[in-house]
Amino acid sequence: MLSYSGVNERSKVQTEAQASTPLVAASAPRTPTFKDAGQAFSDAINAGRLTDVGHQGICPDVQACRYAACYMYMGTWDGRDTFKHILTRRYIP
Ligand SMILES: [Zn+2]
């Protein structure tokens, strides 16, 4: 009973997402998708875009800093994860 209910709920969500996609695509500007933020940071660290070791406290060099803790995940645009520095609001390339 429980598993039937779960499957039913999932297919309902999927149907709603499919139904709304064309409407969103037709009227909205480019929008990002959002993966799990922890996964996004792990990917960026593995790719060398961010580092998982850094400074303590306030950011000592906002221009050069690539410490993951100083960045916000801003979504995935055209397959690329984007991160913005919390103080400068600049995006890493
Ligand atoms: Zn920093």
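Predicted model: local features only at pLDDT ≥ 70, side-chain atom pairs only at ≥ 80, totals over all residues.
The fold has 2 helices and 2 strands, and reading from the N terminus they come in the order α-α-β-β.

**Core**
- The largest nonpolar core is made of 8 residues: A40, A44, L50, C65, C70, Y71, Y73 and F83.
- Two elements, α2 (37-46) and β1 (71-77), each put at least two residues into this core.
- As background, nonpolar side chains in soluble globular proteins tend to be buried together.
- Y73 is one of the core residues, and once you skip its neighbours within four places in sequence, Y73 is in contact with A37, A40, F41, D81 and F83.

**Around P32**
- You'll find P32 in the loop between α1 (2-27) and α2.
- P32 is partly exposed because it has 14 other C-beta atoms within 10 Å, while a buried label would take 20 or more and an exposed one 12 or fewer.
- Ignoring residues up to four places away in sequence, P32 touches M74, G75, T76 and W77.
- P32 and T82 sit 50 residues apart in sequence, yet their C-alpha atoms are 9.3 Å apart in space.

**Contact range**
- Take the contacts between residues at least 6 apart in sequence: 38% of them join residues at least 24 apart.

Technical notes. Residues numbered from 1 in each chain as written. Core = buried A, V, L, I, M, F, W, Y, C linked by C-beta atoms within 7 Å. Helix = DSSP H or I, 4+ residues; strand = E, 2+ residues; numbered from the N terminus. Contact = placed C-beta atoms within 7 Å.
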